[in-house]
Every structure is written in structure tokens, then in C-alpha cells.
Amino acid sequence: GLYKQELPFISGQEGGGEVVAVSSSVTDVQVGDRVVFMVLGTCCEYVAVPADKIIKLPSGIDMERALACMVQGLTAHYLVTDATAGLIKPSEWCLIFSVGSGTCQWAAQMAKLQGYKVIG
């Protein structure tokens with residue numbers, strides 16, 4: 001393929017679950033915490049994740065919804081807030097291509113929340 005990988009290769013870039021072990025130097029994550037994260041190699045039973053890559057889930061948010069927003073939701077958030085900072089103002093028009101895709105559906109909703117008029 002186009003992207004060469006060293007073998008063995010474990011695919012996946014987002015994951016979630018329950019913390020089963022924590023380094024003694026980590027203080028803000030505890031065993032038993034429900035978390036989601038973005039690191040390479042998540043399609044396996046256990047994943048070692050740096051503490052700064054972990055997002056603790058608040059009660060009331062199920063794992064499925066949290067995982068659904070990781071790559072697509074964070075990409076959309078970056079595009080609507082950071083990448084467009086100062087380029088578009090509330091009440092101006094915002095064109096979102098491929099609005100049928102997951103990322104663009106997120107982006108359209110986030111753009112509306114920012115006060116943009118959305119075309120997609």
C-alpha cells in the first residue's frame with residue numbers, strides 16, 4: 001500500500017475502556033476510570049497510553065458515543081474553531097463540502113453552534 005508500516009503492525013487510532021493500571025507518576029487518572037484516547041495501535045485487548053492522551057469520561061456519557069466523537073468530532077472541532085479562527089464570523093456563510101460524511105456532519109452542527117449560516 002501507499003503507507004508502509006513496520007511489521008507486526010497493530011491498526012486503530014482511537015480507543016476506550018477502563019483503566020487497569022497506572023504509573024506511580026500519574027495522579028489524575030485512577031484504576032477503574034472510564035477513558036477514551038487517540039494513539040496508534042488501539043485494535044488490541046490492552047493499550048499503554050500516555051496520561052496526556054487520555055480523556056476521562058463523565059458519568060452519563062456512554063462509551064459508544066464518546067468513541068464516535070474521537071476522530072471525526074475532534075477533526076470537525078479543529079476545522080470549525082482553530083483552522084478558521086478569524087476567517088469567518090457569526091452570521092456569515094460557511095460552505096461545508098461532503099456534508100454527508102461523519103466529520104462534515106459534525107462540522108455542520110458545530111458551525112451552526114458558532115452562529116454560522118451553513119451550506120452543505
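Two strands count as paired here if DSSP finds at least two bridges between them, and strands (E, at least two residues) and helices (H or I, at least four) are DSSP runs numbered from the N terminus. I am working on a predicted model, in which local features need pLDDT of at least 70 and side-chain atom pairs count only at pLDDT 80 or more, while totals for chains, interfaces and linings use all residues. Residues are numbered from 1 along each chain as its sequence is written, and side-chain values use heavy atoms, with hydrogens and water left out.

**Entry: the sheet**

I then went through the pairings. β1 and β2 pair in the antiparallel sense over 4 bridges, and in this pairing G15 stands opposite F37 in β2. Strand β2 (residues 34-37) pairs with β3, also in the antiparallel sense, over 3 bridges; here F37 stands opposite I54 in β3, and V35 stands opposite K56 in β3.

**Entry: salt bridges**

How many salt bridges does a search of the whole structure find? It finds 2, a salt bridge being a side-chain nitrogen of Lys or Arg within 4 Å of a carboxyl oxygen of Asp or Glu.

In one of them the side chains of D33 and K56 meet at 3.7 Å, N to O. D33 lies in the loop between β1 and β2 and K56 in strand β3, so the pair ties together parts that are 23 residues apart in sequence. I also checked the cover on each partner, with buried meaning under 20% relative accessible area, exposed over 50%, and partly exposed in between (1.4 Å probe, protein chains only). D33 is buried, with a relative accessible area of 18%, whereas K56 is partly exposed at 43%.

R65 forms a salt bridge with D62, and their closest N and O atoms are 3.1 Å apart. R65 is exposed, with a relative accessible area of 61%, and D62 is partly exposed at 30%.

**Entry: the nonpolar core**

I took a nonpolar core to be a set of buried Ala, Val, Leu, Ile, Met, Phe, Trp, Tyr and Cys residues joined through side-chain atoms within 4.5 Å. The largest one has 11 residues: A76, V80, I88, C94, I96, C104, A107, A108, M110, A111 and Y116. Two or more residues come from each of α2 (71-82) and α3 (102-113), and α3 gives the most, with 5 residues.

I88 and S23 are 65 residues apart in sequence and 44 Å apart in space, C-alpha to C-alpha.

**Entry: a nonpolar surface patch**

Last, I noted that W93, L95, F97 and I119 form a nonpolar patch on the surface, with about 500 Å² of accessible area together. Patch residues have over 30% relative accessible area and no salt bridge, with nonpolar side chains (Val, Leu, Ile, Met, Phe, Trp, Tyr) joined within 5 Å and like charges within 9 Å; accessible areas come from the Shrake-Rupley method with a 1.4 Å probe. I119 is found in strand β5 (residues 117-119) and is partly exposed, with a relative accessible area of 42%.
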